Amino acid sequence: MDKSHNPESDNPSPVENETAEIAALSPVEETAAAQPAQAPQTPDPVPPPPARRNPAALFFVAAVVAVMLFLGFHAARRAGAGGPPDSLDPAGKPAPDFTLASLDGKNVTLSDYRGQAVLLNFWATWCGPCKIEMPWFIELQKEYGPQGLQIVGVAMDDASKEEIQKFIQEMGVNYTILLGKEAVGQQYGGVDVLPTTFFIDRDGKIVSREFGLQSRSLFVDNIKKSLSQGHAVQAQK
Amino acid sequence: MEKIALCLALTSCLAWPQSYGKKAPSVTMAPVALVTVTRGQAAPVGLHFRVAPGFHINSNTPKSEFLIPTALKMDAPTDIALTKTTYPEGKDMSFPFAPDEPLNVYSGDFTVTLNVRPLHTVMPGKYAIHGELKYQACDNAACYPPKKLPVDFEVKILKGAAPAGKNPAQSPHAHR
């Protein structure tokens, strides 16, 4: 914002003095290099002082840069290409197992759905795009449920159970809703973007993951792929 | 050695924003100039925020009970009252994920104002005021968990004139 005039700025700081000194020396060196044939000049009565480097300062700078590089590349590795942290492709990997409470108070474990394809959707009541997907999921659960699809919504919400229940009733949700926990989100890469949807095959392996609102047709394609992979066995639940 | 250090520094500077700033929504606050106010009087303070391009946050009065409103929560020292927090009107905007349901949002720059009113009992001097802006950001296709942005500014409290009509024995006029 507004910065008042600093009277000390008229007197260059030590750093500025050093910069000015270097700038003043450089042209002389260039001139000397460009005109080697000129008559020898009288020696400078005050030779320029040799450049002094503080080894401790250089070491400190190198250490800071090394730490920044390490953190930067580590974060870049986690971030992947434009996605949220830990956006490395999880396709083909086993879906991390978890147990969460459902809205009706039962504990639900993901691996209980082994033998069924699972659409695992992380969402929240405050997430507009999530709200758009819900009617699709309701239809898709009706359409593909008989073939072995189970849609599971995990509410990553600070809202109370009652508020989530009210939201779900208003939306007419017909699939399983679980009350999410941060630890489960971490298992799935942090879930820093909502909605985030995982498609899991009948063997419990991740087929695909989608960030943000996607087209309904993409969901259908991924559901079909999930239903076609793995062994269809009678679900335990 | 210096050249190597410079190259490393440049490389790390390039690597840092690419890894952290690509998708993360951000709201930033402009620095606040020192607020000077006399004891017993009120001074307005404008807090200027900026929402990163491509993102929006809910206004203070979103249209749905399920949406998280942008809200300023300040923690002032004792005897310094912070009053009249005023939020700007949000803009009604439609988004691809809800074309028929416009949301009331802030995007770009917006300012929240409040009044600082030190009581007569406060010792003159500089005081740091801390607080946070809670917001929840979305873009055209996704939303991000609620965040809290630290809000800090300084207030310089002046003694000012003694309240008139009080303690007449100490008034110079009492001896005339």
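**Entry 1: a parallel pair in chain A.** I began with β3 (residues 117-123) and β4 (residues 149-155) of chain A, which run parallel and are joined by 7 bridges. Within this pair I found A:Leu120 opposite A:Val152 of β4(A). I then looked for what covers the pair: helix α3 (residues 128-144) of chain A lies across β3 and β4, at about 155° to β4(A). I note here that the model is a predicted one.

Entry 2: I checked confidence next. Chain A has a mean pLDDT of 74, with 62% of its residues at 70 or more. Residues 1-50 of chain A have pLDDT below 50, and beyond near neighbours in sequence this stretch makes 7 contacts in the model. I marked a further stretch, residues 71-86 of chain A, where pLDDT also stays under 50. For residues 71-86 the model has 31 contacts beyond four places in sequence. Where pLDDT is low, predicted coordinates should not be read in detail, so I left the detail of such stretches alone.

**Entry 3: the whole sheet.** In what order do the strands of the open sheet in chain A lie? I read β5-β4-β3-β6-β7, 5 strands with mixed pairing. At the edges I found β5 (176-179) and β7 (206-211) of chain A, each pairing on one side only. Neighbouring strands of this sheet are turned against each other by 20° on average, direction ignored.

**Entry 4: the antiparallel side.** I moved from β3(A) to β6(A): these two pair in the antiparallel sense over 5 bridges. One bridge here sets A:Asn121 against its partner A:Thr197 in β6(A). From β6(A) I went on to β7(A), and these strands run antiparallel too, joined by 5 bridges. I saw A:Ile200 standing opposite A:Ile206 in β7(A). β6(A) and β7(A) form a hairpin with 5 residues between them, and A:Gly204 in the turn has a positive phi of about 85°.

**Entry 5: burial of β6(A).** Why is strand β6 (residues 196-200) of chain A largely enclosed by the rest of the structure? I found that 5 of its 5 residues are buried, so the strand is largely enclosed. In a regular strand the side chains alternate between the two faces of the sheet. I therefore checked each face of the strand. On one side A:Thr196, A:Phe198 and A:Ile200 are buried, and on the other A:Thr197 and A:Phe199 are buried, which leaves both faces of β6(A) covered.

**Entry 6: nonpolar cores.** The largest nonpolar core has 60 residues, and those with the most contacts inside it include A:Trp123, A:Val154, A:Met156 and A:Ile200. β3(A) gives the most to this core, with 6 residues. I listed the contacts of A:Met156, leaving aside neighbours within four places in sequence: A:Phe122, A:Trp123, A:Ala124, A:Gly180, A:Gly185, A:Val191 and A:Leu194. I also found a second, separate core of 6 residues, with B:Val37, B:Val122, B:Ile129 and B:Ile157 among them.

**Entry 7: chain B.** How many helices and strands does chain B have? I count 1 helix and 12 strands. Of the 176 residues of chain B, 22% count as buried.

Technical notes. Residues are numbered from 1 along each chain as its sequence is written. Chains are lettered from A and ligands numbered from 1 in the order in which they are written. This is a predicted model: local features need pLDDT of at least 70, side-chain atom pairs count only at pLDDT 80 or more; totals for chains, interfaces and linings use all residues. pLDDT is the predictor's confidence in each residue, from 0 to 100. Two residues are in contact if their C-beta atoms, placed from the backbone, lie within 7 Å. Two strands pair if DSSP finds at least two bridges between them. Helices (H or I, at least four residues) and strands (E, at least two) are DSSP runs, numbered from the N terminus. Axes are lines fitted to C-alpha atoms, for helices over the stretch in contact, and angles run from 0 to 180 degrees between N-to-C directions. A residue is buried if 20 or more other C-beta atoms lie within 10 Å of its own, exposed if 12 or fewer, and partly exposed in between; C-beta atoms are placed from the backbone. A nonpolar core is a set of buried Ala, Val, Leu, Ile, Met, Phe, Trp, Tyr and Cys residues joined through C-beta atoms within 7 Å.
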